[in-house]
Amino acid sequence: MKKIQALVTKELGSYFISPVAYVIIFIFLGVSGFLFFQILSYFNLQSIQMMRYPGLLDRLNLNDMVLFPFFHNVVVFFTFLIPVLTMRLLSEEKKLGTGELLFTSPITTTEVVLGKFFAAAAVILVMLLFSFVYPLMILIFGNPDVGPIFTAYLGLFLLGSAAASLGILMSSLTENQVIAVISAWGVLIFLLIIGWAAQSVGPTFGAVLQHLSILEHFQSFSKGIIELKGVVFYLSFIFFTLFLTQRVLDSQSWR
Amino acid sequence: MIEVENLTKRYGNILAVDRVSFRIESGEIVGFLGPNGAGKTTTMRILTGFIPPTTGRAIVADFDVMEKPLEVKRRIGYLPEHPPVYNDMLVSPYLDFVARLKEVDSRERPQEVRRVMDLCGLTEVQNRLIGNLSRGFRQRVGLAQALLGDPEILVLDEPTIGLDPRQIVEIRELIKNLRADHTIILSSHILPEVEMICSRVIIIHEGKIVAEDQTAHLQSTLRNSDRLFVQVGQAGPEALESIRRVPGVISVLPEEKVPGGYRVELEREGQKIREDVARAIVTGGFGLRELKPVGMSLEEVFVQLTTVEGANPEEGGKIS
Ligand SMILES: Nc1ncnc2c1ncn2[C@@H]1O[C@H](COP(=O)(O)OP(=O)(O)O)[C@@H](O)[C@H]1O
Ligand SMILES: [Mg+2]
C-alpha cells in the first residue's frame, strides 16, 4: 500500500511538473466551456422566443435544455482526451529503462498497475473538479435539479477511469507513446461503433452490443439515474483491463 | 551468497547465456569480465529478477529468484547498464521515491537519502533536474539509488561506463570502500578495472564461462593459455575433478555435444601439462579416448577486452 502511494505521488509530481496535466486540463476546460456557452446562448434564444407563449414557459427546463445537452456533447471529447493523459505511464518506463528499476524493486506488478491507475484517476478528478465551474454557473443563476448534475459527474468519472485503464493497457504494450494513444483511440472508436451498430442487428444481439458500448452506459447517468448495470459495467471494464495490463507486465515479452 | 546453476537464456535463436554456473560467497567482490555481447547484462538481469531464465536456477541471498522474487529484490541493490533515472525528477525526490519503493522506514528516509548522496557526491546537485545532469552525475545517481537501504548484495552492470577518468577513479574507490560488508558482483569489459577492484574474476564469452580465477593471475592466464579437447569413457564429476587438479589447468568444462567430452583450458607452458592431463585420466581409470589441442580461446577473449584504460574515446580525454 505504501509503495502504491509512493508511485501515485511520483506520477502526480511528473504530471504537474511537466506541462502535460495543465495542457490537458486547459484544453478540456476550453472545449467544454465553448460547448457550454453555445448551448446556453441557444437556450437564451429559445427562452426569449417562448416569452411570447407564456403557456410554454414550464417547458423551459435547465436540466433538459442546458445540462443534458452539455454532458451529452462533452462526454465524447472527454473520453478521447484521457488516453493522452495515460499514454506515457508504462511505455516510458520501457523506453527509458526505468522499468528495470521498478521491476527489480520489491514491488509487485499489481502494485505498479494500481499506482499508475490511481494517479491517472486523480488527475481526472482534478480535471472534472475544474470543469464544475460551468454547472456551478447554472446553480448560481438558475434553479436546476441538482441530482442529475452529480450523477452525470459520477458517470464522467467512471467513464474517464475506464478510458484511463484502457489507455494504461495500451501503454503497457508498446514503448512508443504515439502508438499507445492511437491504439487506445482505436479501441474506443470500436466500442463506440458497436453501440451504433446495436440498432441495426436485431434485438438480442443488439442488446449485447449495446451493453458493451462504453458510452451507452453514460446516458442514464446524465439523466440523473444511477443504474447498477452501468456501475457494474465500468467497474468490471476497469478491473478487466487492469488485470490484462498486469498480465502483460508479468509476461517476459515486456522485458 | 549467490549461487547459479546451469543458467540458460535464449532470445529466439540467440543463446545469450549458455549453461552458466558459478558461486559467490558472502563478502566477495567478483568481477564479471567479458567483451560486449558476452551475456553479462543478461545474467545480471536474471539474478535481479528482471527477466526469467529459459532454464536453470539462481539463488540469491538464500532465496530462489524464480520462487521468491520479492525476497531477493529486498536484498539487492542493482545498477543497470543504463541508469534507471526519471529525467523529469529532481535528484533528492527521486532518491526519496526509490527509498520508498525499497521499503526504507519513513523516519529514516531523509537520513538515508542524505547518506547515499554524500557517498556518491551528489549533495551539490540534489535540487537539480536529473534530465539536466551530465552523464557522470546520472551514473552516480544510478549508483546512489542502488545503495539505498544498504542492501547486502550489490549488482553493478558496468558501473564506470561513460565516466571521465577522474570520476572513474572516484567510483572505483567508492566500490572498494563498500566491499567490507557487501557481496558485490560487477561487470566490465575493461581488464584493469576488474584487476583493481575485484578479488576474483569470472570470464564470460559468447554466453559461456570460459575461466574463473583469482585476479592476481588474470593477465598471465589470459595471455598464455591453451585449450585441449579430451574425451573419456567414464565421464562424471570425478573425472572432471581429477583433470582440474592437474597443476597448470585453469578450467574444465563439459563439452555439450560430445558425451564424455571436456574443454580444458591450461597454461601455455609446453607439453608437460598435456602429459599430466593424459596421465591423470589414465591413472584415474576414466578411459582416455581422445586428447587434442584446439585453439586458444582465452587469448581470443583477451584481444576483445579493453586492456588499456582510456582506449575507449568515450571515457578518455577530458579531465575536469
Ligand atoms: N532483449 C533481447 N532480445 C534479443 N537479444 C538480446 C536481448 N538482450 C540481449 N540480447 C543478446 O544477447 C547477447 C548477450 O547480450 P548482453 O547480455 O547484453 O551482453 P553484455 O552485457 O555482456 O554486453 C547479445 O548477443 C545480445 O544481442
Ligand atoms: Mg551489457
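Hi everyone, let's start with a strand in chain B. Strand β6, residues 76–79 of chain B, is covered on both faces: Ile76(B) and Tyr78(B) are buried on one side, and Gly77(B) and Leu79(B) are buried on the other. Keep in mind that this is a predicted model. As a reminder, side chains in a regular strand alternate between the two faces of the sheet.

Which strand does β6(B) pair with? Its partner is β7, residues 153–157 of chain B, and the two run in the parallel sense over four bridges. Within that pairing, Tyr78(B) sits opposite Val155(B) of β7(B).

Now, over to ligand 1. Who are its neighbours? The shell holds Tyr11(B), Ile14(B), Ala16(B), Pro35(B), Asn36(B), Gly37(B), Ala38(B), Gly39(B), Lys40(B), Thr41(B) and Thr42(B). Sorted by class, that gives five nonpolar, five polar and one charged residues.

Let's look at some polar contacts. A polar backbone atom of Gly37(B) is 2.7 Å from an oxygen atom of ligand 1. For Gly39(B), a backbone N or O atom lies 3.0 Å from a ligand 1 oxygen. Thr42(B) uses its side chain instead, with a polar atom 2.5 Å from an oxygen of ligand 1. As for cover, ligand 1 taken alone exposes 570 Å², and the protein buries 66% of that.

And which elements supply two or more residues to this shell? They are β2 (14–24) and α1 (40–47), both of chain B. The largest share, three residues, comes from α1(B).

Conventions
Residues are numbered from 1 along each chain as its sequence is written. Chains are lettered from A and ligands numbered from 1 in the order in which they are written. This is a predicted model: local features need pLDDT of at least 70, side-chain atom pairs count only at pLDDT 80 or more; totals for chains, interfaces and linings use all residues. Side-chain values use heavy atoms; hydrogens and water are left out. A residue is near a molecule or strand if one of its heavy atoms lies within 4 Å of it. A polar contact is a pair of N or O atoms within 3.5 Å; within protein, one must be able to donate a hydrogen and the other to accept it, and residues adjacent in sequence count only if both atoms are side-chain atoms. Accessible areas come from the Shrake-Rupley method with a 1.4 Å probe; for residues, only the protein chains shown count as cover. Ala, Val, Leu, Ile, Met, Phe, Trp, Tyr, Cys and Pro count as nonpolar, Asp, Glu, Lys and Arg as charged, and the others, Gly among them, as polar. Buried means under 20% relative accessible area, exposed over 50%, partly exposed in between (1.4 Å probe, protein chains only). Two strands pair if DSSP finds at least two bridges between them.
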